[in-house]
Amino acid sequence: MTPEQIAESVKARAGAAVLAVDLAPRNPSIKLAASAWRDVAKHLRDDVGLNYLVCLTGVDRGAELEAIYTLEHLGTAPEDGARWGISVRISVPRADPSIPSVEDLWRTADWHERETWDLLGIRFEGHRNLVRILCAEDWEGHPLRKDYKAPATYHGIKNVV
Amino acid sequence: MGQSIQELNLNQDAPTRDNVLITSVDKLINWTRASSVWPMTFGLACCAIEMMAAGAAHYDIDRFGSGPFRATPRQADLMIVAGTVSLKMAPRVKRLFDQMPEPKYVIAMGACTVSGGPYIKHGYHVLKGVDRLIPVDVYVPGCPPRPEALLEGLFRIQEKMGRERILDRTREGVRPKILVE
Amino acid sequence: MTPPESLAPASQGDVRSEEMLLNMGPQHPSTHGVFRVVIRTDGEIVVDCEPHVGYLHRCFEKHCENVTFLQSVLYTDRLDYLTSMGNNLGFSIAVEKLFDGLVVPERAQYIRIICAELNRIASHLLAIGTYGMDIGAITPFLYTFRDREKILAIFEAMSGQRLNYNYIRPGGVAYDVDDRMVESIKAFCKYFRPRAQEYNDLLSDNDIFVRRTANVGVLPADLAIQYGCTGPVLRGSGVKRDLRKDAPYSIYDRFQFEVPVGTGRKGTLGDCYDRYMVRVDEMIESLKIVEQAVAQLPDGPIKADAIKNRIRPPKGEVFARVENSRGELGFYVISDGKETAYRVKCRAPSFHNISMLSEISRGAMIADMVAIIGSTDIVMGEVDR
């Protein structure tokens, strides 16, 4: 399927929740409202055939935090090698960032969502085990935010140069 | 490099020189310790690969007595901290160091353990030098240091072992300090 | 989690048996870096295991937001430090994609392919050697490192470094390759061809090795795709997906090579032995690519003129992937027109390959955990970034 066809199918499913569509061949994407994400995710996985979550990128855009899901079709048959897919962007307000979790749809989202929570502070509702994965368990703050200040000490060890 | 046994021998009497060894207890014990320094496998990151290359056939650390890399700290003399220590890993490094029996030595291998390496400015989760955590005897700079550089670090440890004194049980004179500024 | 019925002990009257919680790592000789697995066992059978990562989190993405694109290349080296050339290539391709219509000179493209494939051979050599060592065979480790030293000598002549080369940069490569280096690459190709048979004789057909790895850690294809596995882990389960063939980047479409997949030849499809054999077979395919590239190497410049002195991409977002020795390495790069990136996200293959550990190790024995972790061939530098 081409990105255009995927976008059409998502628009038919979610209607007004599709906020924007960008079909530039370099990086086609659909901007979606967070409330419609679970429904669209099931549709993309089961009906459209995007069975593979390649990457989940979290971005700090200032007033908003954004999660970009790069989805793709990965065929198991040897001749099914064409990699087609699309990215889905979901923006949430910085004050209360919350996106429905899709870790039961694509199992790889489990660790990706934990990492985005750890580094950017986006909460994924419905995740069974949303704890830090990369930073230490008792780390404070979300390091990849633009206004993050690293702590001066950690358990008594000096952390600055 | 460690001394050979001929250098230890103070016996000048020609007929008996090859059979009767006269030396001090310190020199003999330091010689035996320096000739078989057993490192602990503590490879954390990229420097671990160069440590493995030093253990492999081309650079062969075994010819200097340090072939057996012990997995458990309780059987090791030397802890080669090879690779970046993150703050999540730091308590475990401290615990492993505490589990080593005396006399114990530490080589800080690679720029990351010496002072934080390339992660020094923006690495919020990186320990800026393992000497903030445990006392370090020898620093081996490089990113990563060549296996020959690690071998040079091992020779400095052997030289340091040559300066130990058996009656100084707590090693007050030779134990390095943790750098806390 | 209760153990499956077949593993529940037969009725033992009033004797209570408890599960044991065993901690493997983060310092462990066989975990390939600082990796911790908390294993719940019923005797020696693993009931469940939970991997813990993050012990090597070195803030790669934060650095990319604070240093220039050219300086970020040396941080990408240290992600998967066994395939530094491949990481550099992935990042360079992503940055070049931001410049629409940038043409990398032909000579640089061929040198890039030679470096990436030689690096794949070196990485697989280390994977095979350490895997043998984990299983208990110490000798293949020494043989593979002997051959790895030859590749590292070639890389040292080209880039000045044995590891972490910082050689493939956006726009081309850092330094040119002279005739002596080309001769040494040709000599290495001639030397290495019979060696793969030597490794098969030493390890692949060894009865003890086969019994420890066949039928252990079976990964079904659909589970691999669910968990996002790529590279030899996915191909070991019979799925013939390789980016160099499916979506060729750089100039891979000019070379003839095969993509090996697991066939279950000694056990079940998708077991540890299959993943191991995929790596052994891939070394010969990489050698074929290097031989073809060296034969076709043209003259010319090695850096694109447009970004020779300053890398300042136009505003935009791009996602680019390469096929590394552990799987598909991807970079999502967001540029806002400055010399420093706004956001770089690294999609690391080992991060996905190890996330499925709990699924495939239920019912295995504790000694099998070592075989399973070794067969995924993870590098913690890229899991934790």
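I note here that the model is predicted.

**Entry 1, helix H3 of chain A.** I looked up where the helix runs, and H3 takes in residues 109–120 of chain A. From first C-alpha to last I read 15 Å, which is close to the 16 Å expected at 1.5 Å a residue. I then listed the buried residues in H3(A): A:Ala109, A:Asp110, A:Trp111, A:His112, A:Glu113, A:Arg114, A:Glu115, A:Thr116, A:Asp118, A:Leu119 and A:Leu120. I also checked what follows the helix, and A:Gly121 comes after H3(A) with a positive phi, near 85°.

I counted six helices and four strands in chain B. Along the sequence I wrote their order down as α-α-β-α-β-α-β-α-β-α. The C-alpha atoms of chain B fill a box of roughly 65 × 40 × 25 Å along the principal axes. Chain B has 181 residues, and buried ones make up 51% of them.

I looked next at contacts in chain B between residues at least 6 apart in sequence, and 74% of these join residues at least 24 apart. For the surface, I noted that chain B exposes about 8200 Å², with carbon and sulfur atoms supplying 55% of it. Chain B carries 23 positive and 19 negative side chains. The centres of those two sets lie 9 Å apart.

I found C:Glu285 in helix H12 of chain C, which covers residues 272–296. Is C:Glu285 buried or exposed? Its relative accessibility is 10%, and buried means under 20%, so C:Glu285 counts as buried. I then asked what the side chain of C:Glu285 reaches. It reaches the backbone nitrogen of C:Glu258, at 2.8 Å. Setting aside residues up to four places away in sequence, I listed C:Phe257, C:Glu258 and C:Pro260 as residues that C:Glu285 touches.

I went back to chain A and placed A:Thr153 in strand E8, residues 153–154. Apart from neighbours within four places in sequence, A:Thr153 is in contact with A:Lys158 and A:Asn159. I also looked up A:Tyr52, which is 101 residues from A:Thr153 along the chain. The C-alpha atoms of A:Thr153 and A:Tyr52 are separated by 41 Å.

Definitions and conventions: Residues are numbered from 1 along each chain as its sequence is written. Chains are lettered from A and ligands numbered from 1 in the order in which they are written. This is a predicted model: local features need pLDDT of at least 70, side-chain atom pairs count only at pLDDT 80 or more; totals for chains, interfaces and linings use all residues. Side-chain values use heavy atoms; hydrogens and water are left out. Helices (H or I, at least four residues) and strands (E, at least two) are DSSP runs, numbered from the N terminus. The expected span of a helix is 1.5 Å times one less than its number of residues. Buried means under 20% relative accessible area, exposed over 50%, partly exposed in between (1.4 Å probe, protein chains only). Contact means heavy atoms within 4.5 Å. Accessible areas come from the Shrake-Rupley method with a 1.4 Å probe; for residues, only the protein chains shown count as cover. Lys and Arg count as positive and Asp and Glu as negative; His and the chain ends are not counted. The place of a charge is taken as NZ of Lys, CZ of Arg, CG of Asp or CD of Glu. A polar contact is a pair of N or O atoms within 3.5 Å; within protein, one must be able to donate a hydrogen and the other to accept it, and residues adjacent in sequence count only if both atoms are side-chain atoms.
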